[in-house]
Amino acid sequence: MPMFLTEDQAMLKDMAGPFLAEQAPVKHLRQLRDSNDATGFSRDLWKQFAEMGLTGVLVPAEDGGSGLGHVEAGIVLEEIGRNLSPSPFLSSAVAAVTALKGADADMRGRYLPGIVAGDTVAAIAVDELRKHRPVETALRAERSGNGFRLTGGKQFVAHGHVADLVIVAARTAGAAGEEQGITLFAVDKGAAGLSVEGVRLADSSIAARMLFDGVAVDAGAVIGDVDGGWAPLCRMLDAGRAGAAAEMLGVAGAAMDMTVDYLKQRKQFGRLIGEFQALQHRAAHLYSEIEIARAATLKAQQLLDSNDAKADLMVAVAKAKTGRAAMLAVQEGIQMHGGMGMTDEFDIGLYMKRQRVLEELFGDSGFHADRVARLNGY
Amino acid sequence: MTEDASFRAETRAWLEANCPPAMRQPAGFDDAYWGGRKGHFASPEQQQWFEAMAARGWTVPDWPKEYGGGGLSPEQAKILRQEMARLGCRSPLHSFGIWMLGPALLKFGTEEQKRHYLPEIAQGKIRWCQGYSEPGAGSDLAGLQTRAEDKGDHWLVNGQKIWTSYADKADWIFCLVRTDPSQKQGGISFLLFDMASPGVSTKPILLISGYSPFCETFFDNVEVPKEQIVGAVNQGWTVAKYLLGHEREMISSMGFAAGEPSLGHQLAGEYGPIEDPVLRAEIALHDVDALAFRAMSEKFLDELKHGRAHPAQPSMMKYAGTELNKRRLELDMAAGGSDALEWESARSEQGTRPRAWLRSKANSIEGGTSEVQLGIIAKHILNLPGA
């Protein structure tokens with residue numbers, strides 16, 4: 001598989017790019033923010049995603065989707081990142097779909113058509129404390145009659161306040177810190193005993209804190225095997241991480257482009273500031289970091305698509321590398337915009353805020369660098 | 001089975017049968033085979049491996065067959081690289097002819113030059129060196145002063161080069177000379193000549209590593225046959241720049257030839273767990289960058305072979321690859337602690353580790369400094385003003 005986009009993939013990019021630039025540019029995010037929109041994204045836009053066949057990108061053809069892969073999902077996410085388009089695409093069409101793909105026919109039939117149709121929004125509830133530590137999952141799921149009762153808390157659940165479906169990592173056996181004994185559940189909106197508090201984050205997106213107070217689910221809500229949820233959880237998270245890396249590439253690319261443009265317009269000391277070597281070299285270094293992050297992300301997506309045994313390592317590399325490159329892009333972006341970079345009027349600050357959220361999502365650079373070390377035996 | 005899959009299967013079987021076990025590990029400092037008139041094999045396995053690969057044209061797998069290459073498509077060449085990496089096969093021939101001059105001749109050489117020089121390179125018969133830098137022309141390479149005067153039936157070359165890698169071991173030189181003193185870039189030509197010509201002398205330079213891989217090279221009334229010029233007179237800068245791109249690719253991949261991008265993996269195998277948490281974290285972050293850069297190298301090669309790479313992209317590869325390698329060797333020294341300081345002991349193989357660390361400092365200088373590469377990226381990729 002050569003490491004550049006195929007013709008079909010290039011066509012998808014040519015479609016997704018203009019679609020998001022027209023329908024959900026940064027102005028769209030500003031409108032949602034300034035009107036204090038309670039949903040945090042546009043349901044109409046999500047429906048349009050469906051009409052364009054994007055919601056089902058990872059859904060197998062037999063389940064009504066287009067049966068494409070993580071490279072294709074990443075193409076859409078990069079454009080989402082580039083335009084800062086608020087969308088449940090990453091949580092619903094990438095992470096949740098990856099979890100549901102491994103479920104039985106009954107569960108696939110229950111949820112996938114709704115996601116493909118753009119009617120269902122799905123959220124991922126894994127984190128319980130302020131950092132992403134999935135192995136520390138402690139939310140309890142105790143057997144009760146034909147099903148389970150879920151008790152505990154989750155946080156940083158993107159779109160959890162409006163999600164029709166929440167995929168929850170819970171502990172059915174063992175103790176926090178153990179991979180064995182985790183089970184994945186599909187929990188429907190409005191379940192009794194579930195309280196949800198939507199919280200606006202720094203980037204104006206909304207994530208939920210969720211309290212499960214003996215929430216009853218039946219045995220059919222289990223995704224995969226009881227106590228054997230670690231493997232499907234990792235698959236779901238790795239899909240989310242590769243997706244977040246792709247979105248960060250879009251954030252980083254746009255931040256770099258607007259910064260380089262600014263260097264070509266802003267004059268000080270009687271010349272364009274882009275003529276100063278101090279800034280040229282920093283911009284060139286940033287370009288280099290983003291290019292390398294792009295390669296790492298594409299490699300991770302390709303390995304996920306070919307079910308390669310090394311995909312987990314490369315996903316960790318991609319999330320860590322892209323996270324750091326994108327952090328550099330937004331920080332250099334504000335610095336090189338000078339005082340204007342500190343104003344709300346300029347978009348660069350919005351990119352910094354979004355990047356901060358994506359950096360935390362599904363594990364930050366430190367978490368993934370540590371994974372790289374562990375997977376390499378040290 | 002697809003065509004590629006059957007090529008992969010055949011290649012795998014052939015490598016299994018023909019690559020001696022001793023050649024399935026990275027070449028050390030002294031046991032890489034460089035060919036040439038003075039070339040010698042360090043072991044029978046090295047000779048066997050070289051001859052097996054050379055017989056198939058696989059010292060240069062993707063050069064055309066008529067010039068001594070293997071005639072492989074980009075996809076096949078990639079499969080061969082992957083299969084060699086899978087077994088850990090080392091490169092059968094180290095050669096500036098392969099890495100630098102060959103690509104330039106393929107693009108700018110006459111048919112006669114290609115048929116003459118390329119098979120010699122592929123077969124390791126002639127070892128080449130590069131005459132670029134001069135005492136007064138380093139980063140500002142186009143300021144070079146070595147003169148070549150047109151004497152009718154020959155060029156008369158006078159001047160001095162510096163940092164000529166392995167000039168004392170090379171048979172021929174590809175050399176930038178000034179043929180028009182009134183022009184800068186537009187007055188440079190690209191000559192090829194025999195280092196055994198009367199008037200050529202070399203003097204090794206002792207470096208901080210204790211090694212002398214570089215030389216000063218002097219030309220005193222050296223006569224060079226007229227036809228030994230690549231490209232037109234005064235058009236050598238175009239050839240030189242193209243070749244520099246290939247040199248940058250080569251340098252960018254230094255330190256990755258070993259095939260193990262994870263420094264932590266290598267160190268844990270050698271010393272056991274890395275107990276210092278700060279060092280472990282620095283190594284982990286290095287490994288993130290190293291694994292990402294390996295993906296970048298693969299992507300860059302794919303783009304290059306399919307004509308999709310930005311012409312200035314080698315500068316990015318060179319910058320990032322060399323800075324990463326320097327970082328790797330700093331961490332390698334830190335992990336080795338006082339063991340890694342031993343300079344003269346059998347235990348340290350006469351200081352292989354500290355000498356490699358010091359050697360790496362040249363990576364971001366040779367072939368254009370990191371600062372020169374950043375300038376090229378700024379100008380040609382980012383289109384920043386006045387760069």
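**Interface between chain B and chain A**

In the predicted model, 13 residue pairs, with both members at pLDDT 80 or more, are in polar contact across the interface of chain B and chain A. On chain B, the elements that each supply two or more residues to the side touching chain A are helices H7 (263-271), H8 (277-305), H9 (313-336) and H11 (370-381). Of these, H8(B) provides the largest share of that side, with 16 residues. Classified by residue type, the side of chain B that touches chain A comprises 22 nonpolar, 10 charged and 8 polar residues.

In terms of overall extent, 39 residues of chain A are in contact with 40 residues of chain B. The size of an interface is often expressed as the accessible area that is lost when the parts come together. For chain B and chain A, about 3,300 Å² is buried between the two, and carbon and sulfur atoms account for 69% of this area.

Charged side chains also pair across the interface, where 3 salt bridges are counted between chain B and chain A. One salt bridge joins the side chains of Lys321(A) and Asp289(B), with an N to O distance of 2.9 Å.

Notes:
Residues are numbered from 1 along each chain as its sequence is written. Chains are lettered from A and ligands numbered from 1 in the order in which they are written. This is a predicted model: local features need pLDDT of at least 70, side-chain atom pairs count only at pLDDT 80 or more; totals for chains, interfaces and linings use all residues. Side-chain values use heavy atoms; hydrogens and water are left out. Contact means heavy atoms within 4.5 Å. Buried area is the accessible area (1.4 Å probe) that two parts lose on being put together, summed over both. A salt bridge is a side-chain nitrogen of Lys or Arg within 4 Å of a carboxyl oxygen of Asp or Glu. A polar contact is a pair of N or O atoms within 3.5 Å; within protein, one must be able to donate a hydrogen and the other to accept it, and residues adjacent in sequence count only if both atoms are side-chain atoms. Helices (H or I, at least four residues) and strands (E, at least two) are DSSP runs, numbered from the N terminus. Ala, Val, Leu, Ile, Met, Phe, Trp, Tyr, Cys and Pro count as nonpolar, Asp, Glu, Lys and Arg as charged, and the others, Gly among them, as polar.
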